[in-house]
Amino acid sequence: MNFHTRKWVKPEDLNPNGTLFGGSLLRWIDEEAAIYAISQLGNQRVVTKFMSEINFVSSARQGDIIELGIAATHFGRTSITLRAEVRNKITRKSILTVEKMVFVNLNEQGEPAPHGRTQIRYADELFEAYRRDQRVVEAPAASSDDFNREEAAEEAAH
Ligand SMILES: CC(C)(COP(=O)(O)OP(=O)(O)OC[C@H]1O[C@@H](n2cnc3c(N)ncnc32)[C@H](O)[C@@H]1OP(=O)(O)O)[C@@H](O)C(=O)NCCC(=O)NCCS
């Protein structure tokens, strides 16, 4: 699982108990997962269809730095299923897990549409697909010799 996005817990994110408000966390994780789904499916028209039980494992406090992780667990015909986890960036202590988040790929009419994807695409493949779609002629400076597969894997879908 890649933990890309970091958040700094601020006063406006707290509940009356002085810990991170669950609604703030869910908003962040839904957006993070949506961005992942959009990147993987190459379509901005994706909607959250389903979220499984949400386990608020432990609380976060003002000043904590937390990180949001997403992994694809299944590619359906029109849907993609993700797993999400939020943890403390320093201690790595788990804060929240969502075992299953389903996003549906829509067409221009807002109906479920096949996305044609069967597996995770990494940053280089996503960039190539974007270039093809945009018919970009010039590629950026990095040559394939410089390309580091490990770094690319880390960049999966972001
Ligand atoms: C998303 C929406 C168009 C899907 O409509 P639908 O009639 O359920 O569509 P389908 O039955 O064809 O299902 C579409 C996909 O969702 C999956 N799905 C449907 N209900 C599901 C559920 N309860 N749990 C998990 N997956 C589900 C189906 O398996 C299918 O995936 P697949 O093609 O990969 O097999 C419709 O439910 C909708 O507009 N919902 C509101 C979305 C929304 O506003 N979200 C919040 C803001 S982003």
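Helices, of at least four residues, and strands, of at least two, are DSSP runs numbered from the N terminus. On that basis the protein chain has 3 helices and 6 strands. The model is a predicted one, and its average pLDDT over the protein chain is 88.

**Overall layout**
- Read from the N terminus, the elements of the protein chain follow the order β-α-β-β-β-β-β-α-α.
- The protein chain comprises 158 residues, of which 21% count as buried.
- Among contacts in the protein chain with a separation of 6 or more, 69% join residues 24 or more positions apart.

**Confidence**
- A pLDDT of at least 70 is reached by 85% of the residues.
- Residues 143–147 have a pLDDT below 50, and this stretch makes 3 contacts in the model beyond near neighbours in sequence.
- Where pLDDT is low, the predicted coordinates should not be read in detail.

**The nonpolar core**
- In soluble globular proteins, nonpolar side chains tend to be buried together.
- The largest nonpolar core here contains 24 residues.
- The residues with the most contacts inside this core are Ile29, Ala33, Ala37, Leu82, Ala84, Val86 and Phe103.
- Two or more residues of this core come from each of α1 (22–41), β4 (65–75), β5 (79–88) and β6.
- Beyond four places in sequence, the contacts of Phe103 include Ala33, Ala34 and Ala37, together with Val46, Val47, Thr48 and Lys49.
- Ser79 and Ile80 are also in contact with Phe103.

**Val46 in strand β2**
- Val46 is part of strand β2.
- Val46 counts as buried because it has 23 C-beta neighbours inside 10 Å, and the cut-off for a buried residue is 20 or more.
- Leaving out residues up to four places away in sequence, Val46 touches Ala34, Ala37, Ile38, Leu41, Phe103, Val104, Asn105 and Leu106.
- Although Val46 and Asn105 are 59 residues apart in sequence, their C-alpha atoms are 4.6 Å apart in space.

**Surroundings of the ligand**
- The residues around the ligand are Val47, Thr48, Lys49, Phe50, Gly76, Arg77, Thr78, Ser79, Val102, Val104 and Pro112.
- Strand β2 supplies the largest share of the shell, with 4 residues.
- Sorted by class, the shell consists of 5 nonpolar, 4 polar and 2 charged residues.

How values were computed:
Residues numbered from 1 in each chain as written. Predicted model: local features only at pLDDT ≥ 70, side-chain atom pairs only at ≥ 80, totals over all residues. Near = placed C-beta within 6 Å. Nonpolar A, V, L, I, M, F, W, Y, C, P; charged D, E, K, R; others polar. Core = buried A, V, L, I, M, F, W, Y, C linked by C-beta atoms within 7 Å. Buried ≥ 20, exposed ≤ 12 C-beta atoms within 10 Å, placed from the backbone. Contact = placed C-beta atoms within 7 Å. pLDDT = per-residue confidence, 0-100.
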